[in-house]
Every structure is written in C-alpha cells, then in structure tokens.
Amino acid sequence: MIKINKDEDNYKILTGNLELDLNNLKNIFFYPKNKDFVIRPLHIKALNVDGIIIYLTGSACINTIVADVIQPLTKEGIKQTPNPITEDIINKILTTKEAHKISNLAEITTSITKGNTLLLIENSKEAISISTTEFEHRSIEKPANENTIKGPKEAFVESANVNRSLIRKHIKYANLVTESIEVGEKSKNDVYMMYIEGIADPELIENIGNRINNIKSDSISNVSMLEQFIEERSYSLIPTILYTERPDRASSFLNEGHIVLLIDGSPACLIAPVTFWAFFHTAEDQYERWAYGNFIRIIRLFAVLISLLVPGLYIAMSNFHAEMIPSDLAVSIAAAREVLPFPIIVEVILMEVAFELIREAGVRIPTTIGPTIGIVGALILGQAAVEANIISPILVIIVSITGLSSFALPDISLSYAIRISRFLFLLAGAFMGFLGISLLLTVSLAYMINITSFGVPFMSPYAPHYPSSHDFLTRAPLWKQVLRPSNISNINSVRRKGKRME
C-alpha cells in the first residue's frame, strides 16, 4: 500500500497517480469506515487505460451510473485522438446529460457530496465529474398550508430540480434565468436564484446575490434558514421575505419582477422583495371573479383587525371607556365580573396564553387526533373556567373570535406578527385605554411605512405612491391590471397592451 503524501499540494490538485489520488480521497471521506463511499475500478477498453469510478450511495442514481457511465466506458469503439483523454471520454464515450473536467480536490469533494459520480483516470491530472444526482424526495402533492378551491393543486417538494421544473411549467419564457450560488462552508448546497431577465431590476439581482454570497455558515439546508441570513431586520416582528409552497404563486411574482430563491431540501421558496400587500393576498384572489375575490379580501382585512385589536379594545372600554358600552351589556358584564378574583387584564392574558397553548399542542399532536383534542380542549377549558368563576363568559367569546380570525390570515409569518402584536395592544389598552391603542397603532404604521425589503418600501406602491394596477386591499378585474408594480422594477412596466374583447 502506498503511503499517503501529506504535502499540501497533493490535497489540492490531482497528481495523475491513480492510487495516490484514490488514497487522498479515501482519507477525505473516511473510507472504509464510511460505507456510503463506493469505489468501482474499471478498465476503459476504448482507450486502453485504467480508471476508477467513485460515488456516494443515496446521492447518486445507480441506474444512470450503470447505463450511461460503466457500460459506455467498458465498450470498445473509438480511436484515441491527440486531444486530452478526458475530452475524448466526455465527447465520444459518455452518454450522460452533463460531464465536465475537474482537478481541484476541494471541488471534487463538493461534486461527490452533491451526488455526482467521479471518474479518476490513470496518468491524468484531471478527473471527470459526471451528473448522476438523484436524491430521494416526495412525489408532487397538494399544498399543505396554502389550499385553494380554484387553481392548481401542485406544491413544491424537497427537490430543487423538481421545483424549478414546476415554475418553468407556468412560465415558458426564454428569458427566465436560473443562477446557482453555492453556500455553506462545510456542507455545500446550491441556492437557485430565478428571475426574468428584462423585467427584474439588475440592481436588485446584484443585491440579493451579494447577500447570499456573503453568508458565513457551516450549512444552509433550507430556505427558512436562508431567509434569516439575508433578511434586513432580524429582530423585527414584520417579515420582509415571503415564504410560499405554491409554484403558481411564485410564477406570478416572477412576472412582476420579483426574485425567487430555491434550495435542495426545502418544500417551498422565498420571494424577495415583498410588500405588506403580498402577505395579505392569496393565490385564489386572482382565480376568483372580481366581486368574489374582493369579498374574501375584505373579510380577511376584518380578520386582521379583529385578531390584532379586539382584546385590547375590550380591556380599554371596560377600564377607561365604560360609557361606550350599551347599558344592558355593561350591567351584564359588571354582574359577571362581580365574583371574579382577577383584574380583566389578567383574565385576558390567561385566556390568550391558554389559546396559544391549545394551538401549539394541536400542531404537535398526531394528525389523527389533533383537531379533536384542539376543539374539545378549547370547549372544556372555556366552560370549566367560566363555571369556576375565573373568567367571564363574554371573554370566552372575545378570545374565540380573536383566535378564529387569526386562522384566517393567509401567511404564517404575518400570523405570528399579529399574534405577538396582540399582546402589545393588550398592554396598551390596559394602561392607557384608547389613547394607548391609538399611539401604538400610529407608531406601528409609521414603522411599516419606513422599513424596506431589499430597498423597496414595505407599504409601497400605496405609501409612497408608485404607478401600479392598484392591487392593494381590493383589486381591479384582471383585464384592467395592465401595469406591473414599478416599486419593484421600473423595467418593462406594462404587462400587455390592449383590452378585453367586448
């Protein structure tokens, strides 16, 4: 057995000595302890030279290796040319979709871990990286969190190649570009940045690309982790990047000049930049007719207001503005509260915390019994608390309506922001009444108007105003939505010219 040369250069560049290069790779991949590291010696008959095939079990497709690599290499047929032996193999022997020369050991290691097959050749200082990647993933299924009645029923899966294919099925443009950026210091992974050339802003593309390139981390395994590395305000409650599992929704944003980020291992994508209205909208808004789509948006707006403000308003009216409550209702509330031991703020916080516990427990409990436990638990808890004279009956109604409204919010990040902010409005209403709620609401709106998402004002194109199709709280009929939002990109701002047929 040849002794491994510890010289640093031998770990950086292939030497051409087949046994020495193989031993260096064995050392890197901890062979023979690592049983997934497969070594398959062979003789390349066409060129009368020895070689070794290396791949990782579970990352590479065995059928592709046999059919497109091993069988062609072990057949006779070509005559060697003055070209380097690696060029003859790539151009005349291999039948795979992609193969390229590689000589740096760091790049070779990354290539193998990504599922490619490596071909080492005797007396050659260049190896061949052959595309044979096939990681296991789920079949395409319905969206789990963004369901719609109308529209496509496909959702992203954990394969970036499949996800890019789903987007390209919706956008059949020659100028739909996919760039690949490698992230992770130890565990290498590719972030795929998709945008439409000629619509997306070049400065925005460069900005997002630089943020990804500047990530310093051992591993980035999904888009949720990627979001936390590239967002502008890590400590803000307000999200500035959209997470979606729907290919049709991602395609819609691409058509408006946004950028989509995909990564292997994540069944969703990131969309940047985004504004407040993106978190408020759903895919079904555009699939429904004008009146229906606007109706559900108005219902959603009421759900946001109820979820955010109603508990705080109840406390404010009970403590500071009792004259605003109808007399009969005020008497009823006072009679119910007469036997209660806690101040109203304590009651509300107890019920809100209990509801959040039930919500979280419903997520963690197995799906077969989760909904039942959630519903029964809420009913029993509320009824028992009322009968024990711990809370008032009207508070159970308020907390229930607030909880139902929070479920109507379409985006999980927006839902978290509203649920946390609700406690801030509770405290504001308890200590300062309507004045405290008004001040906090004013500060919140001012904050959202002043923050940006990758340079785009968060409340635009409404505040500040930009030319657009006015797709905010309500929308116009589809045939009137001619302008792309110029706050995202002012390139090619007209979607189409003309009007609907009469």
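1. Two strands are taken to pair if DSSP finds at least two bridges between them. Strands are DSSP runs (E, at least two residues), numbered from the N terminus. This is a predicted model, in which local features need pLDDT of at least 70, side-chain atom pairs count only at pLDDT 80 or more, and totals for chains, interfaces and linings use all residues. Residues are numbered from 1 along each chain as its sequence is written, and side-chain values use heavy atoms, with hydrogens and water left out.

2. An open, antiparallel sheet is built from five strands in the order β1-β2-β4-β5-β3. Because β1 (37-44) and β3 (99-102) stand at the edges with a single partner strand each, one side of each has no neighbour in the sheet.

3. Within that sheet, eight bridges join β1 to β2 (residues 49-56) in the antiparallel sense. Valine 38 lies opposite tyrosine 55 of β2.

4. Strand β9 (residues 259-263) is mostly covered, with five of its five residues buried (under 20% relative accessible area, 1.4 Å probe, protein chains only). Ile259, Leu261 and Ile263 point one way from β9, while Val260 and Leu262 point the other way.

5. β9 runs antiparallel to β7 (residues 189-196), to which four bridges join it; tyrosine 192 stands opposite leucine 262. β9 also pairs with β10 (residues 269-272) in the antiparallel sense over three bridges, and leucine 270 in β10 is the bridge partner of leucine 261.

6. The hairpin of β9 and β10 has five residues between the strands, and glycine 265 there takes a positive phi near 95°.

How values were computed
Buried means under 20% relative accessible area, exposed over 50%, partly exposed in between (1.4 Å probe, protein chains only).
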